[in-house]
Amino acid sequence: MTEWDIKKLRILRTLRDRGTVTATAEALRMTPSAVSQQLTNLARQLGVPLLEAHGRRVRLTGAAHLVLRHAEAVFARLEQAEAELDGLLRGETGQVRVAAFPTAVPALVVPAVQALRTAHPGLDVRIREAEAAESYDLLAAGEADLALSLAAHAPTARDPRFSRVPLLADPLDVALPVGHPLAEAPGLRLADLSAEPWIYGGSGPWSEITTAACEAAGFVPERAHSAADWTAILALVEAGMGVALVPRMAAAERRTGVGSGVVMRVLSADRPRRHVVAAVRRGAEDGPGVARVLAALRRAAVRRETPRRAAEGVEGGVAGGTGEPAGEPGRAGATVQRD
């Protein structure tokens, strides 16, 4: 019977994910020659070619892809075994490393960790701020146990490496300067702002989210100014230089400083949302520490959902971003942070 070498299979999987021997060596802290030697030995052990020349690079053969399809199930079972051993040996203690995108840290991760400190004081949760691509690299490399990102920037649900857990549908509200003709208009819709100058990043995820939301409402937004930092965006809105979409989850807890002259309006219809998900390595979700953190994140997400429904219950109301129901139209909105 063939002897299967888990270490060599992990090298093969990393080559598939990274694309080149050099990138694989960097990810695994090996030399390129060591990577090539290990893969040559694996091919010899299995009795099939795993790599073939493709120009100046190499690519995986059909046999290599077949091997990896089966290996993913093995990796998942090993993760599950490790999680069960962790539960047996650690009980209520242990460490869970969470990688999360910037606005998720204060809005979801911090409240979850605060609750866990009371319920499970022996559980050590370490937080690392990271954008989606880095979060999943950390997760795949075993340097994080749980990653938070937007669903649009996460690997697909068919990715065999990860299990995804939906957490929150985060609404996008419209930031208008105080005194804007539509700041107090009842029943405000996104389409009502089609002729307005818009403020959003020139490229990247937030540019895509803004343009997609506006196009779904029937128009292409005219970008008057480009900014990616929420403080800069609100300063431009406050100065009357345009309007912007702002994620509800990014709202800060205070209503003073930059952005205090901004009205945050809840749209009465065509409400765009961004979906927040958590992900773990497949098979690791049953580990007691990871399961507790996931449960705490779900509860934190539910607590954010309640004031959201209250705010949206007031047609065209103001979203204060403080967890309060919407008040009278025209109040100053919250300062927000960069996502």
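The model is predicted, so local features need pLDDT of at least 70, side-chain atom pairs count only at pLDDT 80 or more, and totals for chains, interfaces and linings use all residues. Residues are numbered from 1 along each chain as its sequence is written, and side-chain values use heavy atoms, with hydrogens and water left out.

**Helices H2 and H3**

Let's start with H2 (residues 21-28) and H3 (residues 32-46), whose axes come within 8 Å and cross at roughly 100 degrees. Helices here are DSSP runs of H or I with at least four residues, strands are runs of E with at least two, and both are numbered from the N terminus. An axis is a line fitted to C-alpha atoms over the stretch in contact, and angles run from 0 to 180 degrees between N-to-C directions. H2 and H3 are therefore roughly perpendicular to each other (the label covers 65 to 115 degrees).

Who does the touching? On the H2 side, Val21, Thr24 and Ala25 make the contact, and on the H3 side Pro32, Val35 and Ser36 do (contact means heavy atoms within 4.5 Å).

The buried residues of H2 are Val21, Thr24 and Ala25 (buried means under 20% relative accessible area, exposed over 50%, partly exposed in between, with a 1.4 Å probe and protein chains only). They span an arc of only 100 degrees around the axis, so they sit on the same side of H2 (the arc is that of the directions from the helix axis to the C-beta atoms). Their cover includes helix H1 (6-18), H3 and strand S2 (57-60).

Now for the arginines, with their relative accessible areas:

| Residue | Relative accessible area |
|---|---|
| Arginine 29 | 70%, exposed |
| Arginine 273 | 31%, partly exposed |
| Arginine 274 | 3%, buried |

Arginine 29 is in the loop between H2 and H3. Just after H2, arginine 29 takes a positive phi of about 55 degrees. Most residues other than glycine have a negative phi.

Arginine 274 belongs to strand S11 (residues 273-281). What does its side chain meet in a polar contact? The partner of arginine 274 is the side chain of threonine 103, at 3.1 Å (a polar contact is a pair of N or O atoms within 3.5 Å; within protein, one must be able to donate a hydrogen and the other to accept it, and residues adjacent in sequence count only if both atoms are side-chain atoms).

Arginine 273 is in strand S11 too. Its side chain reaches the backbone oxygen of arginine 271 at 3.4 Å. The C-alpha atoms of arginine 273 and proline 171 are separated by 4.2 Å, although these residues are 102 residues apart along the chain.

Key: Angles under 35 degrees count as roughly parallel, over 145 as roughly antiparallel, 65 to 115 as roughly perpendicular and the rest as oblique.
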